[in-house]
Number of protein chains: 2
Amino acid sequence: MKKQLMTAALAFGLVAASGHALNAYAQARPDVLVKQRQAVMTLQGKYFGPLAGMAQGKVPYNAEVAARNAGYLSVLDKMPWDGFTPATKDEKSRALPAIWEQPAKFKEAQERLEGAVAKLVSATKADETAFKAAVGEVGKACGACHETFREK
Amino acid sequence: MKKQLMTAALAFGLVAASGHALNAYAQARPDVLVKQRQAVMTLQGKYFGPLAGMAQGKVPYNAEVAARNAGYLSVLDKMPWDGFTPATKDEKSRALPAIWEQPAKFKEAQERLEGAVAKLVSATKADETAFKAAVGEVGKACGACHETFREK
(Lines give C-alpha, C1' and ligand atoms only; values in the text may rest on other atoms or scores of the structure.)
Protein backbone atom coordinates (compact mmCIF):
# COMPACT_ATOMS: atom_id res chain seq x y z
CA MET A 1 0.00 0.00 0.00
CA LYS A 2 2.79 2.35 0.97
CA LYS A 3 4.52 1.37 -2.24
CA GLN A 4 1.42 2.12 -4.29
CA LEU A 5 1.15 5.54 -2.73
CA MET A 6 4.77 6.19 -3.49
CA THR A 7 4.27 5.11 -7.08
CA ALA A 8 1.34 7.45 -7.39
CA ALA A 9 3.38 10.26 -5.86
CA LEU A 10 6.23 9.59 -8.26
CA ALA A 11 3.84 9.56 -11.17
CA PHE A 12 2.26 12.80 -10.08
CA GLY A 13 5.62 14.50 -9.72
CA LEU A 14 6.56 13.47 -13.22
CA VAL A 15 3.47 14.71 -15.03
CA ALA A 16 4.89 18.15 -15.53
CA ALA A 17 8.38 17.02 -16.46
CA SER A 18 10.11 16.47 -19.80
CA GLY A 19 9.27 13.95 -22.48
CA HIS A 20 11.62 11.45 -20.94
CA ALA A 21 10.21 11.98 -17.50
CA LEU A 22 6.77 11.47 -18.97
CA ASN A 23 7.86 7.99 -19.85
CA ALA A 24 8.47 7.39 -16.17
CA TYR A 25 5.03 8.74 -15.42
CA ALA A 26 3.62 6.55 -18.13
CA GLN A 27 4.98 3.47 -16.35
CA ALA A 28 1.92 3.66 -14.19
CA ARG A 29 -0.32 3.42 -17.25
CA PRO A 30 -1.35 -0.18 -17.86
CA ASP A 31 -0.97 0.01 -21.65
CA VAL A 32 2.57 1.30 -21.27
CA LEU A 33 3.43 -1.43 -18.79
CA VAL A 34 2.21 -4.02 -21.29
CA LYS A 35 4.20 -2.40 -24.10
CA GLN A 36 7.34 -2.38 -21.95
CA ARG A 37 7.09 -5.99 -20.83
CA GLN A 38 6.36 -7.11 -24.39
CA ALA A 39 9.43 -5.16 -25.49
CA VAL A 40 11.52 -7.28 -23.13
CA MET A 41 10.04 -10.48 -24.55
CA THR A 42 10.84 -9.27 -28.07
CA LEU A 43 14.47 -8.70 -27.10
CA GLN A 44 14.74 -11.98 -25.23
CA GLY A 45 13.64 -13.60 -28.49
CA LYS A 46 16.22 -11.60 -30.43
CA TYR A 47 19.09 -12.79 -28.27
CA PHE A 48 17.93 -16.29 -27.39
CA GLY A 49 17.01 -17.25 -30.96
CA PRO A 50 20.58 -17.55 -32.26
CA LEU A 51 21.60 -19.51 -29.14
CA ALA A 52 18.80 -22.01 -29.73
CA GLY A 53 19.96 -22.27 -33.33
CA MET A 54 23.52 -22.98 -32.21
CA ALA A 55 22.41 -25.53 -29.63
CA GLN A 56 20.42 -27.36 -32.29
CA GLY A 57 23.36 -27.34 -34.66
CA LYS A 58 21.45 -25.22 -37.17
CA VAL A 59 23.97 -22.43 -36.83
CA PRO A 60 27.72 -22.80 -36.26
CA TYR A 61 28.67 -22.36 -32.63
CA ASN A 62 30.15 -18.92 -32.05
CA ALA A 63 31.53 -18.54 -28.54
CA GLU A 64 31.71 -14.76 -28.74
CA VAL A 65 28.10 -14.32 -29.83
CA ALA A 66 27.00 -16.96 -27.30
CA ALA A 67 28.69 -15.10 -24.43
CA ARG A 68 27.41 -11.72 -25.55
CA ASN A 69 23.82 -12.88 -25.96
CA ALA A 70 23.84 -14.78 -22.67
CA GLY A 71 25.10 -11.66 -20.94
CA TYR A 72 22.33 -9.57 -22.51
CA LEU A 73 19.75 -12.17 -21.47
CA SER A 74 21.00 -12.04 -17.89
CA VAL A 75 20.05 -8.37 -17.81
CA LEU A 76 16.84 -8.61 -19.85
CA ASP A 77 15.49 -11.38 -17.63
CA LYS A 78 15.22 -8.88 -14.76
CA MET A 79 13.08 -6.45 -16.72
CA PRO A 80 9.66 -7.90 -17.54
CA TRP A 81 8.26 -8.67 -14.11
CA ASP A 82 7.35 -5.28 -12.74
CA GLY A 83 5.18 -4.83 -15.81
CA PHE A 84 2.78 -7.55 -14.70
CA THR A 85 0.79 -5.46 -12.26
CA PRO A 86 -2.86 -6.28 -11.57
CA ALA A 87 -3.74 -2.97 -13.24
CA THR A 88 -2.75 -4.54 -16.57
CA LYS A 89 -5.23 -7.43 -16.26
CA ASP A 90 -7.70 -5.98 -18.76
CA GLU A 91 -5.18 -4.83 -21.34
CA LYS A 92 -5.03 -6.74 -24.60
CA SER A 93 -2.17 -9.22 -24.28
CA ARG A 94 -1.54 -12.94 -24.04
CA ALA A 95 -1.02 -12.77 -20.28
CA LEU A 96 -3.30 -15.27 -18.54
CA PRO A 97 -5.15 -14.64 -15.24
CA ALA A 98 -2.94 -17.36 -13.70
CA ILE A 99 -0.28 -14.64 -13.34
CA TRP A 100 -2.35 -12.91 -10.68
CA GLU A 101 -4.09 -16.01 -9.35
CA GLN A 102 -0.85 -17.89 -8.67
CA PRO A 103 1.71 -15.21 -7.85
CA ALA A 104 4.04 -17.61 -5.99
CA LYS A 105 4.13 -19.95 -8.97
CA PHE A 106 4.70 -17.02 -11.33
CA LYS A 107 7.56 -15.79 -9.16
CA GLU A 108 9.00 -19.31 -9.17
CA ALA A 109 8.87 -19.37 -12.97
CA GLN A 110 10.76 -16.07 -13.10
CA GLU A 111 13.41 -17.38 -10.76
CA ARG A 112 13.74 -20.55 -12.81
CA LEU A 113 14.49 -18.45 -15.88
CA GLU A 114 16.95 -16.24 -14.04
CA GLY A 115 18.72 -19.28 -12.63
CA ALA A 116 18.89 -20.99 -16.02
CA VAL A 117 20.25 -17.85 -17.67
CA ALA A 118 22.89 -17.44 -14.95
CA LYS A 119 24.01 -21.00 -15.67
CA LEU A 120 24.02 -20.23 -19.38
CA VAL A 121 26.34 -17.30 -18.78
CA SER A 122 28.76 -19.62 -16.96
CA ALA A 123 28.39 -22.28 -19.65
CA THR A 124 29.41 -19.86 -22.40
CA LYS A 125 32.74 -19.60 -20.57
CA ALA A 126 33.10 -23.40 -20.51
CA ASP A 127 32.59 -25.45 -23.68
CA GLU A 128 30.03 -26.19 -26.37
CA THR A 129 28.60 -29.23 -24.58
CA ALA A 130 27.91 -27.25 -21.42
CA PHE A 131 26.50 -24.48 -23.59
CA LYS A 132 24.05 -26.76 -25.37
CA ALA A 133 22.76 -28.21 -22.11
CA ALA A 134 22.36 -24.76 -20.60
CA VAL A 135 20.47 -23.46 -23.65
CA GLY A 136 18.10 -26.40 -23.27
CA GLU A 137 17.37 -25.44 -19.68
CA VAL A 138 16.69 -21.83 -20.63
CA GLY A 139 14.36 -23.00 -23.38
CA LYS A 140 12.49 -25.19 -20.90
CA ALA A 141 12.20 -22.28 -18.47
CA CYS A 142 10.70 -20.10 -21.23
CA GLY A 143 8.34 -22.88 -22.27
CA ALA A 144 7.20 -23.80 -18.77
CA CYS A 145 6.30 -20.20 -17.97
CA HIS A 146 4.51 -19.67 -21.27
CA GLU A 147 2.66 -22.95 -20.83
CA THR A 148 1.03 -21.80 -17.61
CA PHE A 149 0.96 -18.06 -17.88
CA ARG A 150 0.64 -17.19 -21.57
CA GLU A 151 -2.26 -17.73 -23.92
CA LYS A 152 -1.59 -20.31 -26.61
CA MET B 1 28.73 -9.29 -49.26
CA LYS B 2 30.25 -12.29 -47.55
CA LYS B 3 28.45 -11.19 -44.41
CA GLN B 4 25.13 -10.98 -46.23
CA LEU B 5 25.58 -14.47 -47.61
CA MET B 6 26.34 -15.74 -44.13
CA THR B 7 23.26 -14.07 -42.76
CA ALA B 8 21.17 -15.65 -45.46
CA ALA B 9 22.73 -19.03 -44.75
CA LEU B 10 22.05 -18.65 -41.04
CA ALA B 11 18.51 -17.65 -41.74
CA PHE B 12 17.99 -20.61 -44.03
CA GLY B 13 19.36 -22.99 -41.44
CA LEU B 14 16.97 -21.67 -38.88
CA VAL B 15 13.78 -21.88 -40.91
CA ALA B 16 13.17 -25.45 -39.87
CA ALA B 17 14.14 -24.95 -36.25
CA SER B 18 12.06 -24.26 -33.14
CA GLY B 19 9.94 -21.25 -32.41
CA HIS B 20 12.83 -19.58 -30.67
CA ALA B 21 15.16 -20.28 -33.55
CA LEU B 22 12.55 -18.82 -35.86
CA ASN B 23 12.99 -15.59 -34.00
CA ALA B 24 16.61 -15.66 -35.05
CA TYR B 25 15.53 -16.27 -38.61
CA ALA B 26 13.08 -13.47 -38.33
CA GLN B 27 15.89 -11.07 -37.48
CA ALA B 28 16.53 -10.90 -41.17
CA ARG B 29 12.97 -9.70 -41.76
CA PRO B 30 12.83 -5.93 -41.89
CA ASP B 31 9.59 -5.66 -39.90
CA VAL B 32 11.07 -7.74 -37.10
CA LEU B 33 14.23 -5.66 -37.06
CA VAL B 34 12.10 -2.54 -36.68
CA LYS B 35 10.08 -4.13 -33.88
CA GLN B 36 13.26 -5.14 -32.07
CA ARG B 37 14.96 -1.78 -32.30
CA GLN B 38 11.75 -0.03 -31.21
CA ALA B 39 11.61 -2.44 -28.26
CA VAL B 40 15.02 -1.19 -27.17
CA MET B 41 13.88 2.44 -27.42
CA THR B 42 10.81 1.58 -25.30
CA LEU B 43 13.04 0.08 -22.60
CA GLN B 44 15.52 2.94 -22.73
CA GLY B 45 12.56 5.18 -22.02
CA LYS B 46 11.45 2.95 -19.16
CA TYR B 47 14.81 3.16 -17.41
CA PHE B 48 15.89 6.67 -18.36
CA GLY B 49 12.57 8.29 -17.45
CA PRO B 50 12.97 7.98 -13.68
CA LEU B 51 16.57 9.21 -13.89
CA ALA B 52 15.45 12.32 -15.75
CA GLY B 53 12.80 12.81 -13.07
CA MET B 54 15.43 12.54 -10.33
CA ALA B 55 17.81 14.89 -12.12
CA GLN B 56 15.06 17.48 -12.46
CA GLY B 57 14.17 17.14 -8.79
CA LYS B 58 10.69 15.86 -9.65
CA VAL B 59 11.41 12.56 -7.94
CA PRO B 60 13.55 12.04 -4.83
CA TYR B 61 17.06 10.89 -5.68
CA ASN B 62 17.39 7.16 -5.10
CA ALA B 63 20.98 5.98 -5.51
CA GLU B 64 20.02 2.32 -5.78
CA VAL B 65 17.48 2.85 -8.56
CA ALA B 66 19.86 5.29 -10.27
CA ALA B 67 22.67 2.72 -10.33
CA ARG B 68 20.40 -0.10 -11.44
CA ASN B 69 18.82 1.88 -14.26
CA ALA B 70 22.16 3.26 -15.44
CA GLY B 71 23.50 -0.30 -15.54
CA TYR B 72 20.52 -1.47 -17.57
CA LEU B 73 20.95 1.47 -19.96
CA SER B 74 24.62 0.58 -20.47
CA VAL B 75 23.47 -2.77 -21.85
CA LEU B 76 20.40 -1.53 -23.74
CA ASP B 77 22.43 1.13 -25.53
CA LYS B 78 24.28 -1.63 -27.40
CA MET B 79 21.12 -3.23 -28.77
CA PRO B 80 19.33 -0.96 -31.24
CA TRP B 81 21.97 -0.37 -33.88
CA ASP B 82 22.05 -3.65 -35.78
CA GLY B 83 18.35 -3.17 -36.38
CA PHE B 84 18.96 -0.16 -38.63
CA THR B 85 19.82 -2.09 -41.77
CA PRO B 86 19.13 -0.59 -45.20
CA ALA B 87 16.55 -3.36 -45.67
CA THR B 88 14.35 -1.58 -43.11
CA LYS B 89 14.27 1.72 -45.04
CA ASP B 90 10.75 1.21 -46.32
CA GLU B 91 9.21 -0.09 -43.11
CA LYS B 92 6.82 2.16 -41.26
CA SER B 93 8.82 3.88 -38.52
CA ARG B 94 10.12 7.30 -37.55
CA ALA B 95 13.61 6.49 -38.79
CA LEU B 96 14.80 9.16 -41.24
CA PRO B 97 16.80 8.51 -44.43
CA ALA B 98 19.68 10.41 -42.79
CA ILE B 99 20.49 7.15 -40.98
CA TRP B 100 21.60 5.57 -44.22
CA GLU B 101 22.75 8.76 -45.92
CA GLN B 102 25.09 9.75 -43.10
CA PRO B 103 26.27 6.48 -41.56
CA ALA B 104 29.40 8.02 -40.01
CA LYS B 105 27.34 10.68 -38.28
CA PHE B 106 24.83 8.06 -37.13
CA LYS B 107 27.64 5.95 -35.72
CA GLU B 108 29.01 9.01 -33.96
CA ALA B 109 25.61 9.63 -32.38
CA GLN B 110 25.53 6.04 -31.10
CA GLU B 111 28.97 6.42 -29.61
CA ARG B 112 28.02 9.68 -27.99
CA LEU B 113 25.14 7.92 -26.24
CA GLU B 114 27.27 4.98 -25.19
CA GLY B 115 29.94 7.32 -23.82
CA ALA B 116 27.39 9.42 -21.93
CA VAL B 117 25.78 6.32 -20.42
CA ALA B 118 29.18 4.95 -19.36
CA LYS B 119 29.81 8.24 -17.56
CA LEU B 120 26.35 8.02 -15.99
CA VAL B 121 27.18 4.58 -14.62
CA SER B 122 30.30 6.03 -12.96
CA ALA B 123 28.38 9.06 -11.72
CA THR B 124 25.82 6.89 -9.92
CA LYS B 125 28.75 5.64 -7.82
CA ALA B 126 29.80 9.22 -7.02
CA ASP B 127 27.24 11.75 -5.80
CA GLU B 128 23.98 13.40 -6.75
CA THR B 129 25.65 16.40 -8.37
CA ALA B 130 27.72 14.21 -10.67
CA PHE B 131 24.60 12.15 -11.35
CA LYS B 132 22.53 15.15 -12.41
CA ALA B 133 25.21 16.38 -14.80
CA ALA B 134 25.59 12.92 -16.30
CA VAL B 135 21.84 12.52 -16.79
CA GLY B 136 21.84 15.82 -18.64
CA GLU B 137 24.52 14.56 -21.02
CA VAL B 138 22.59 11.36 -21.71
CA GLY B 139 19.46 13.37 -22.38
CA LYS B 140 21.37 15.57 -24.82
CA ALA B 141 22.76 12.49 -26.58
CA CYS B 142 19.23 11.10 -26.98
CA GLY B 143 17.96 14.44 -28.22
CA ALA B 144 20.78 15.09 -30.66
CA CYS B 145 20.32 11.71 -32.31
CA HIS B 146 16.55 12.07 -32.49
CA GLU B 147 16.90 15.59 -33.88
CA THR B 148 18.84 14.38 -36.91
CA PHE B 149 17.73 10.81 -37.38
CA ARG B 150 14.15 10.55 -36.14
CA GLU B 151 11.00 12.05 -37.57
CA LYS B 152 9.44 14.80 -35.42
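Student: How many salt bridges are there over all chains, and by which rule are they counted?

Tutor: A salt bridge is a side-chain nitrogen of Lys or Arg within 4 Å of a carboxyl oxygen of Asp or Glu. By this rule the count over all chains is 12. Please note that this is a predicted model, in which local features need pLDDT of at least 70 and side-chain atom pairs count only at pLDDT 80 or more, whereas totals for chains, interfaces and linings use all residues. Residues are numbered from 1 along each chain as its sequence is written, chains are lettered from A and ligands numbered from 1 in the order in which they are written, and side-chain values use heavy atoms, with hydrogens and water left out.

Student: Which residue forms a salt bridge with Lys132(A)?

Tutor: The partner is Glu128(A), and the closest N and O atoms are 3.7 Å apart. Helices (H or I, at least four residues) and strands (E, at least two) are DSSP runs, numbered from the N terminus.

Student: Which salt bridges can be named in chain B?

Tutor: Among them is the one between Lys132(B) and Glu128(B), at 3.8 Å from N to O. These residues lie 4 apart in helix 7 (residues 128-149) of chain B, about one helical turn. Lys132(B) is partly exposed at 35%, and so is Glu128(B) at 33%. Another joins Lys140(B) to Glu137(B), with 3.2 Å between the closest N and O atoms. Here the spacing in helix 7 of chain B is 3 residues, again about one helical turn. Lys140(B) has a relative accessible area of 48% and Glu137(B) one of 38%; Lys140(B) is partly exposed, as is Glu137(B).

Student: What polar contacts does the side chain of Lys46(B) make?

Tutor: A polar contact is a pair of N or O atoms within 3.5 Å; within protein, one must be able to donate a hydrogen and the other to accept it, and residues adjacent in sequence count only if both atoms are side-chain atoms. The side chain of Lys46(B) meets that of Asp82(A) at 2.7 Å and that of Tyr47(B) at 3.1 Å. Lys46(B) belongs to helix 3 (residues 30-55) of chain B and is buried, with a relative accessible area of 4%.

Student: Where does Thr124(A) lie, and which residues does it contact?

Tutor: Thr124(A) sits in the loop between helix 6 (103-123) and helix 7 (128-149) of chain A, and is buried at 9% relative accessible area. Contact means heavy atoms within 4.5 Å. Leaving aside neighbours within four places in sequence, Thr124(A) touches Tyr61(A), Ala66(A), Ala67(A), Ala70(A) and Phe131(A). The side chain of Thr124(A) also reaches the backbone oxygen of Val121(A) at 2.7 Å.

Student: How many helices and strands has chain A, and what is its mean pLDDT?

Tutor: Chain A has 7 helices and 0 strands. Of its 152 residues, 41% are buried. The pLDDT is the predictor's confidence in each residue, from 0 to 100. For chain A the mean is 87, and 82% of the residues reach 70 or more. Over residues 1-26 of chain A, however, the pLDDT is below 50, and this stretch has 31 contacts in the model beyond near neighbours in sequence. The model scores ipTM 0.83 and pTM 0.84.

How values were computed. Buried < 20%, exposed > 50% of the residue type's maximum accessible area, 1.4 Å probe, protein only.
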